[in-house]
Amino acid sequence: MRRTNQIGWLFVAPVLLLVAFNALIPLMTVVNYSVQESFGDNVFFWSGLQWFEQLLNEDRFHAALGRQLMFTGIILAIELPLGVAIALCMPKKGPFVPVCLVLMALPLLIPWNVVGAMWNILALPEIGLLGYGLNAAGIDFNFTQSPVDAWITIVAMDVWHWTSLVVLLAFAGLSAIPDAYYQAARIDGASRWSVFRHIELPKMKRVLTIAVLLRFMDSFMIYTEISVLTGGGPGNATTLLSIDLVKKALGQFDLGPAAAMSLVYFLITLLVSWLFYTLMTRGEQ
Amino acid sequence: MRYLSWLVPTFYILFLLMPIYWLVAMSFKTTNEILGGFSLYPQVWTFDNYAVIFTDPSWYWGYINSIIYVSLNTVVSVGVALPAAYAFSRYRFLGDKHLFFWLLTNRMAPPAVFALPFVQLYYAVELFDTHIGVALAHCLFNVPLAVWILEGFMRGVPRELDETAYIDGYSFPRFFTRIFLPTIRSGVGVAAFFCFMFSWVELLLAKTLTKVAAKPIAAIMTKTASSAGYELGLLAAAGVLTIIPGAIVIYFVRNYIAKGFALGRV
């Protein structure tokens, strides 16, 4: 049992100061911009909720949001089952476990723009291993021209990059299950499926919640990899929310609209994360 | 069927290694060979790409910059997260639950949202283009993560440990450094690993917050790629070198990672 002691605040103070400096000040700056009109040279006018109205009625925003939701949906639908399946197939102990873990964690430690650059040179139709290979096998593949190919490439890249995180988490959850559970199941003659459904899945619930949350957040905020790989193209086919936002903020320097978009974007991320969190931890306590 | 289950992780690992192989192969090719057409492995091995990186200060300083700010960030993040995680795991205080969730929400802020205000903020406090500036900025997402991981580990340590130490006459700082920290050292290792990892791979903030003096290697790559035309071999060699620090770190913590997640509240 935890003791009530307000001294806790003293311990938390350094974290609070640091995160408040990094989070609150920039957030307030964004809020500030989002309700003003700027004419360069630091001349600002109050513009109320104009930018928000404009944004929410904008086709460009709807399209980017739609693409973003589709991307995140595809990513979650592929990476979670795949990651759990791989973790289930891994040996439980033995000399190969550390080898597997080290090799699998490798993609997680590569800077994100290097990941984008890697997949770019891998998928280039004339000189890349994947692009050349597919074309040589008679499959017409060019991610710089065809939107479908571009989508296949970014999804493949993200699966390559992040499935290992799900594997590591699921594997950690699995290795926390005592052997006695499996022995009991064997005595009862439980099938492989019911072992998974009634022992492994409930025991992995905690780590899978984390996996869903982290994968949702990071795939929803993805920027660097895709911007290096496709730059949002061909056309706007892979212009997800964050790419659109950066185009608006840094490319066109529309501070007000970009700030409004930032806030809406942040709120959507927060809301969906909260929904996932409440749904998946429901009935815990 | 059970005997074939090792095939799944094997194929997965092969899939993971394919792009890495391609990057390594490309780093040993000459630019002419790369652009000249497809070849599965280097026809003429060249080490020129690596030689350029190790002799040109604007390249190798990128690595030093990255390593400086990543290490600073790891130290700062774990340093401030330790007492906070202790408080969350041991005490109840006004607003503790809300505070914990608020900390986590910072992990959900898209860096693209914060890029512009960050530049203005760090200009204002004169930390723009400094190592400590980037390290502090990365605390935005690493501190919440470190608190989260450490709190899980500390929760697993029974309270009796604290109480016995106080009865034995330990003061709080002495107890914390002599007894408590050694007990949760694998947790500290896991937290440090994740801070290192996320700071090493993040680029958007690191790139926008720096100009020359603290520019990370990954950002120098993009700049060179656009200004020097399409020097793919050089780009690939720089990419290969960015994988190495991560690979070294992961080798050292390989036994802690799985355990860390299992023990932690995650």
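Mentor: A residue is buried if 20 or more other C-beta atoms lie within 10 Å of its own, exposed if 12 or fewer, and partly exposed in between, with C-beta atoms placed from the backbone. This is a predicted model, in which local features need pLDDT of at least 70, side-chain atom pairs count only at pLDDT 80 or more, and totals for chains, interfaces and linings use all residues. Residues are numbered from 1 along each chain as its sequence is written, while chains are lettered from A and ligands numbered from 1 in the order in which they are written.

Trainee: What percentage of the residues of chain B count as buried?

Mentor: Chain B spans about 75 × 60 × 30 Å along the principal axes of its C-alpha trace. The chain has 266 residues, and the buried part of them is 48%.

Trainee: What is the corresponding percentage for chain A?

Mentor: The C-alpha trace of chain A spans about 75 × 70 × 30 Å along its principal axes. Of the 285 residues in chain A, the buried part is 42%.

Trainee: How many helices does chain B have?

Mentor: Helices (H or I, at least four residues) and strands (E, at least two) are DSSP runs, numbered from the N terminus. Along the sequence, chain B reads α-α-α-α-β-α-α-α-α-α-α-α-α-α. Besides one strand, the number of helices in chain B is 13.

Trainee: And how many strands are there in chain A?

Mentor: Chain A has 12 helices. Its number of strands is three.

Trainee: How much of the span 131–150 of chain B is helix?

Mentor: An unreviewed UniProt entry lists 131–150 among the spans of chain B that it calls "transmembrane region"; such annotations may be inferred rather than shown by experiment, and their positions are given in the numbering used here, with feature names shortened. In the model the end C-alpha atoms of this span are 25 Å apart. Strand makes up 0% of residues 131–150 of chain B, and helix makes up 100%.

Trainee: How far apart are the end C-alpha atoms of residues 7–28 in chain A?

Mentor: The unreviewed UniProt entry for chain A also gives the feature "transmembrane region" to several spans, including 7–28. Over these residues chain A is 95% helix and 0% strand. The distance between the end C-alpha atoms is 29 Å.

Trainee: Which helix gives the largest share of the side of chain B that touches chain A?

Mentor: Two residues are in contact if their C-beta atoms, placed from the backbone, lie within 7 Å. By that rule, 77 residues of chain B are in contact with 74 residues of chain A. The largest share of the chain B side is 16 residues, and these come from helix H13 (residues 232–263) of chain B.

Trainee: How many residues on that side of chain B are nonpolar?

Mentor: Ala, Val, Leu, Ile, Met, Phe, Trp, Tyr, Cys and Pro count as nonpolar, Asp, Glu, Lys and Arg as charged, and the others, Gly among them, as polar. The side of chain B that touches chain A has five charged and 10 polar residues. The nonpolar residues there come to 62.

Trainee: How are H1(A) and H7(B) oriented to each other, parallel or oblique?

Mentor: Helix H1 (residues 8–34) of chain A and helix H7 (residues 131–155) of chain B have axes 9 Å apart, at an angle of about 135 degrees. Axes are lines fitted to C-alpha atoms, for helices over the stretch in contact, and angles run from 0 to 180 degrees between N-to-C directions. Angles under 35 degrees count as roughly parallel, over 145 as roughly antiparallel, 65 to 115 as roughly perpendicular and the rest as oblique. H1(A) is therefore, relative to H7(B), oblique.

Trainee: How many polar residues are in the contact of H1(A) with H7(B)?

Mentor: From H1(A), the residues that take part include A:Val15, A:Leu18 and A:Asn22, and from H7(B) they include B:Leu136, B:Cys139 and B:Val147. The contact has 10 nonpolar and no charged residues. The number of polar residues in it is one.

Trainee: Is A:Ala117 buried or exposed?

Mentor: A:Ala117 lies in helix H5 (residues 112–123) of chain A. Beyond its neighbours within four places in sequence, A:Ala117 is in contact with A:Val228, B:Leu235 and B:Gly239. Because A:Ala117 has 25 C-beta neighbours inside 10 Å, it counts as buried.

Trainee: What is the phi of B:Glu126?

Mentor: Most residues other than glycine have a negative phi. B:Glu126 lies in the loop between helix H6 (111–124) and H7 of chain B, and B:Glu126 is exposed, with 9 other C-beta atoms within 10 Å. Although B:Glu126 is not a glycine, its phi is positive, at about 55 degrees.
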